[in-house]
Protein chains: 2
Amino acid sequence: MKVNGTPYRSIWPNKNGWSADIIDQTRLPHEFIIKTLSSLQDAAEAISVMRVRGAPLIGATAAYGLALAMHEDTTDEYLERAVKTLLATRPTAVNLRWALSRMQQVLSVSPAGERVTKAYAMATKICDEDVAINHAIGQHALGVIRDLWQQKPAGTESFHILTHCNAGWLATVDWGTALSAIYQAYDDGIPIHVWVDETRPRNQGAALTAWELQSHGIEHDVIVDNAGGHLMQHGQVDMVITGTDRTARNGDVCNKIGTYLKALAAFDNDVPFYVALPGPTIDWQMRDGVNGIPIEKRDSVEVTHVTGKTATGQIESVQITPDGVSASNYAFDVTPARLVTGLFTERGVCDASEDGLLGLYPEQAGSGL
Amino acid sequence: MKVNGTPYRSIWPNKNGWSADIIDQTRLPHEFIIKTLSSLQDAAEAISVMRVRGAPLIGATAAYGLALAMHEDTTDEYLERAVKTLLATRPTAVNLRWALSRMQQVLSVSPAGERVTKAYAMATKICDEDVAINHAIGQHALGVIRDLWQQKPAGTESFHILTHCNAGWLATVDWGTALSAIYQAYDDGIPIHVWVDETRPRNQGAALTAWELQSHGIEHDVIVDNAGGHLMQHGQVDMVITGTDRTARNGDVCNKIGTYLKALAAFDNDVPFYVALPGPTIDWQMRDGVNGIPIEKRDSVEVTHVTGKTATGQIESVQITPDGVSASNYAFDVTPARLVTGLFTERGVCDASEDGLLGLYPEQAGSGL
């Protein structure tokens with residue numbers, strides 16, 4: 001998407017023909033800095049210190065990391081070492097594992113002399129596929145948004161979409177998932193205004209979603225996570241769209257903590273609540289999301305401290321609680337399917353239910369049972 | 001309540017017999033500093049820069065401010081000037097107006113020679129009445145908490161209460177409203193654990209409620225405002241108690257932004273949701289809280305910036321959003337009566353409805369109609 005008029009992806013080939021460039025997301029939203037990854041080590045470091053984050057983008061960066069490794073040394077030993085190095089950067093990231101195993105399948109059967117070319121080709125393919133999936137999600141969502149917009153009374157000035165966390169292009173290679181819908185509706189001429197939940201504790205909404213929308217030129221207001229209920233109660237939200245980290249077979253949706261509260265408010269006020277997701281994030285073996293999906297507890301320092309820019313331009317972390325306070329930090333929650341109006345996927349729009357999902361992914365009927 | 005073992009009120013007479021001491025709340029939770037108010041000007045400054053805040057405490061401080069004024073000069077002219085000075089500190093504070101008019105009624109008909117004594121007596125009375133009201137609220141709440149606690153299975157280790165914002169003794173002269181219930185349950189031997197919503201944007205939960213509970217020795221965990229729904233969904237909340245700024249005649253409750261979202265989650269998970277309030281905050285003329293109560297929009301800098309303590313111990317404000325971002329800051333929301341299990345007042349517990357309220361305040365049946 002655009003950064004002040006110039007189109008960007010979150011990772012792209014450098015002009016030298018072999019490095020990869022990324023946006024250093026640890027500096028956002030306060031600085032826009034492009035970093036060139038020129039070695040396996042650069043790629044591994046970028047993933048582990050979260051210069052890149054978001055499952056699809058981590059996978060894409062790992063793929064480029066293996067290409068850079070092949071650029072350094074095409075031996076079997078080095079290939080194996082490179083895979084191990086990259087796997088160790090974010091041990092629980094599913095997309096990382098998936099991207100590396102796709103790369104490895106191709107490279108392990110290729111003669112050393114072809115590995116460089118094949119590695120770059122596969123890294124490009126992984127990126128392009130991600131872009132195509134996200135674009136398709138947004139295209140299907142656009143149909144729903146257009147219908148809702150056309151139902152608004154003549155003279156309505158804006159179509160208000162509320163989103164939580166960052167399911168934007170910065171988390172993928174381009175478009176994003178929830179934000180793909182918003183970008184495509186905007187590009188289609190619908191006068192979108194976005195309510196951006198700041199999304200404590202890590203403030204990905206206030207920092208990343210606000211930065212994306214501002215950079216692309218889409219109207220928005222950052223709000224505290226507490227505000228969405230009031231806005232929906234007073235007719236100021238036409239639709240909610242969020243992303244998801246994992247969708248259960250029954251349509252329950254696991255996403256950033258606080259998503260469930262927004263879904264409750266949407267339901268209480270008849271506001272359509274949609275979730276955007278790529279097919280691979282559906283967990284066909286999870287039959288009951290609310291009771292089955294384990295919720296990660298993270299370091300309480302994310303609750304007790306907030307990071308931002310001081311008056312003098314330094315990035316600092318400030319403590320908002322008394323010294324020695326006890327704090328709990330649940331990272332995700334699960335929204336029951338009964339509160340979800342529908343799911344946007346790369347194959348179309350469906351109900352948040354097993355039947356709905358199997359309608360789009362019939363080949364999964366027998367999986368995980 | 002106690003600060004590390006020593007009982008405190010939020011305002012009390014200084015040992016010199018004529019000044020008043022307060023806790024400087026602008027320094028909490030990072031420093032506990034007692035400040036002596038020795039002049040009308042001291043009192044006015046303390047209110048206007050929010051060294052004291054919370055409607056009842058503002059009223060009590062204004063009352064002491066007039067007593068200090070009489071200590072300086074007992075003439076009619078000075079009395080009038082003092083009232084004007086104090087009224088100007090927080091123009092919209094109802095309790096400020098109410099306390100000053102009570103003081104004025106007594107002082108204006110007293111000869112100059114009696115004004116000092118009468119002013120201090122009335123200031124003391126205003127404080128003691130507030131303490132009595134808040135204590136009574138907590139006593140009535142205690143009955144409900146005890147019943148709920150006794151229904152827990154044998155061997156349950158803690159009774160978990162979630163609260164939002166700060167309805168504690170720091171906002172009143174002592175006890176608080178919602179926290180009065182918690183203090184009295186704790187003093188009664190019920191093993192209370194409190195989930196403290198941080199309460200963005202101003203973080204009164206993370207700063208003040210956490211400090212109060214920590215100082216009094218009550219178990220608690222600070223959580224982000226996003227977390228309550230997940231906790232209720234997983235049986236980790238036995239009860240919610242909040243305060244309120246205004247209760248409508250129909251039982252709708254206006255309170256800090258985000259209260260409505262917690263009420264929705266409580267309702268969805270059969271968690272009792274109670275609101276604690278002193279009778280004078282009932283607005284008998286407001287027949288429909290959700291549609292009738294105007295919601296204040298405050299400076300967006302409260303959303304874009306967060307204040308806390310840096311690693312070097314300085315109090316600083318950091319910006320969490322991109323430069324120039326648009327943000328909206330709604331300060332309150334209204335929870336519909338249908339989501340409120342009951343109201344704790346100084347006269348007893350009632351349903352959140354006109355019938356419920358009139359059962360406790362029958363003298364208001366004709367008021368405001």
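Me: How many residues of chain B are in contact with chain A?
Reply: This is a predicted model, where local features need pLDDT of at least 70, side-chain atom pairs count only at pLDDT 80 or more, and totals for chains, interfaces and linings use all residues. Residues are numbered from 1 along each chain, chains are lettered from A in the order written, and side-chain values use heavy atoms, without hydrogens and water. Contact means heavy atoms within 4.5 Å. Chain A gives 65 residues, and the number from chain B is 65.

Me: What area is buried between chain B and chain A?
Reply: Buried area is the accessible area (1.4 Å probe) that two parts lose on being put together, summed over both. Carbon and sulfur atoms give 55% of it here. The total is about 5200 Å².

Me: Which residue of chain B meets A:Asp268 in a salt bridge?
Reply: A salt bridge puts a side-chain nitrogen of Lys or Arg within 4 Å of a carboxyl oxygen of Asp or Glu. Between chain B and chain A there are 6 salt bridges. In one of them, 3.0 Å from N to O, the partner of A:Asp268 is B:Arg338.

Me: How is H9(A) oriented to H9(B)?
Reply: Helices are DSSP runs (H or I, at least four residues), numbered from the N terminus. H9(A), residues 259-268, packs on H9(B) with the axes 9 Å apart, at about 85°. Axes are lines fitted to C-alpha atoms over the stretch in contact, and angles run from 0 to 180 degrees between N-to-C directions. Angles of 65 to 115 degrees count as roughly perpendicular, so H9(A) is to H9(B) roughly perpendicular.

Notes: Helices (H or I, at least four residues) and strands (E, at least two) are DSSP runs, numbered from the N terminus. Angles under 35 degrees count as roughly parallel, over 145 as roughly antiparallel, 65 to 115 as roughly perpendicular and the rest as oblique.
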